[in-house]
Amino acid sequence: MRAVLVVAILACSASAHADDLCRRAPRGPVLDLDVKDADIQEVFRLLTDAAKVNLVVSDEVTGKVTLKLERVRWEEIACSVAKLEHLALELDRNVLLVTKR
């Protein structure tokens, strides 16, 4: 019983700093974005530059998107692209991790 509790505490503390970006209330900068057939990795680079957040993107994340958005928070844009392309986003302190689901 004690070992299970220790493992559970360690698992919780390891993910305590991680944040599912799409589950929290957006609070970052509001952006206007108009891109056609843009590389997904470049879109995430643009978003994280505007938000002053670091970025780690898996090589498995590929594709292109077209976006025309006005006055949308960067998190909402990132989550929309992630939903469209079946991606997982995790914000750990100031590092955004983008992976395939």
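This is a short tour of a predicted protein model, stop by stop, with something to select at each one.

**Before you start**

Residues are numbered from 1 along each chain as its sequence is written. Because the model is predicted, local features need pLDDT of at least 70 and side-chain atom pairs count only at pLDDT 80 or more, while totals for chains, interfaces and linings use all residues; side-chain values use heavy atoms, with hydrogens and water left out.

**Stop 1: the whole chain**

Show the protein as a cartoon and you will find three helices and six strands. Helices (H or I, at least four residues) and strands (E, at least two) are DSSP runs, numbered from the N terminus. Following the sequence, the pattern reads α-β-β-α-β-β-α-β-β.

Now colour by accessibility. Of the 101 residues, 31% count as buried. Here buried means under 20% relative accessible area, exposed means over 50%, and partly exposed lies in between (1.4 Å probe, protein chains only). A contact means heavy atoms within 4.5 Å. Among contacts between residues at least 6 apart in sequence, 67% join residues at least 24 apart.

**Stop 2: helices H2 and H3**

Select residues 40–51 for H2 and residues 74–85 for H3. Two packed helices are described by the angle between their axes and the distance between the axes. In this pair the axes come within 10 Å and cross at roughly 160 degrees, which makes H2 roughly antiparallel to H3. Axes are lines fitted to C-alpha atoms, for helices over the stretch in contact, and angles run from 0 to 180 degrees between N-to-C directions. Angles under 35 degrees count as roughly parallel, over 145 as roughly antiparallel, 65 to 115 as roughly perpendicular and the rest as oblique.

The crossing of H2 and H3 is left-handed, a term used if the near helix is turned anticlockwise from the far one by less than a right angle (right-handed if clockwise).

Which residues of H2 and H3 meet? Show side chains for Ile40, Phe44, Leu47, Thr48 and Ala51 in H2, and for Trp74, Ile77, Ala78, Val81 and Glu85 in H3. The residues of this contact divide into eight nonpolar, one polar and one charged. For these classes, Ala, Val, Leu, Ile, Met, Phe, Trp, Tyr, Cys and Pro count as nonpolar, Asp, Glu, Lys and Arg as charged, and the others, Gly among them, as polar.

**Stop 3: H3 on its own**

Keep H3 selected and try the distance tool on its end C-alpha atoms, which are 17 Å apart. That agrees with the 16 Å that its twelve residues should span at 1.5 Å a residue; the expected span is 1.5 Å times one less than the number of residues.

The buried residues of H3 are Trp74, Glu75, Ile77, Ala78, Cys79, Val81, Ala82 and Glu85. They pack against H2 and against strands E2 (30–39), E4 (64–73), E5 (87–92) and E6 (95–100). Just after H3, click on His86, where phi is positive at about 60 degrees.

**Stop 4: strand E2**

Go to Val35 in strand E2. Is Val35 buried or exposed? Val35 is buried, with a relative accessible area of 19%. Leaving aside neighbours within four places in sequence, Val35 is in contact with Val43, Val65, Thr66 and Leu67.

Val30 lies in strand E2 as well and is partly exposed at 34% relative accessibility. The C-alpha atoms of Val30 and Trp74 are separated by 6.2 Å, although the two are 44 residues apart along the chain.

**Stop 5: two residues with positive phi**

Arg71 sits in strand E4. This residue has a positive phi of about 55 degrees although it is not a glycine, and at 66% relative accessibility Arg71 counts as exposed.

Next pick Lys52, in the loop between H2 and strand E3 (54–57). Lys52, also not a glycine, has a positive phi of about 60 degrees and is exposed, with a relative accessible area of 72%.

**Stop 6: Arg93 and Lys100**

Arg93 is in the loop between E5 and E6, and is exposed with a relative accessible area of 60%.

Finish at Lys100 in strand E6, which is partly exposed at 33%. Not counting residues up to four places away in sequence, Lys100 touches Glu60, Val61, Glu85, His86 and Leu87.
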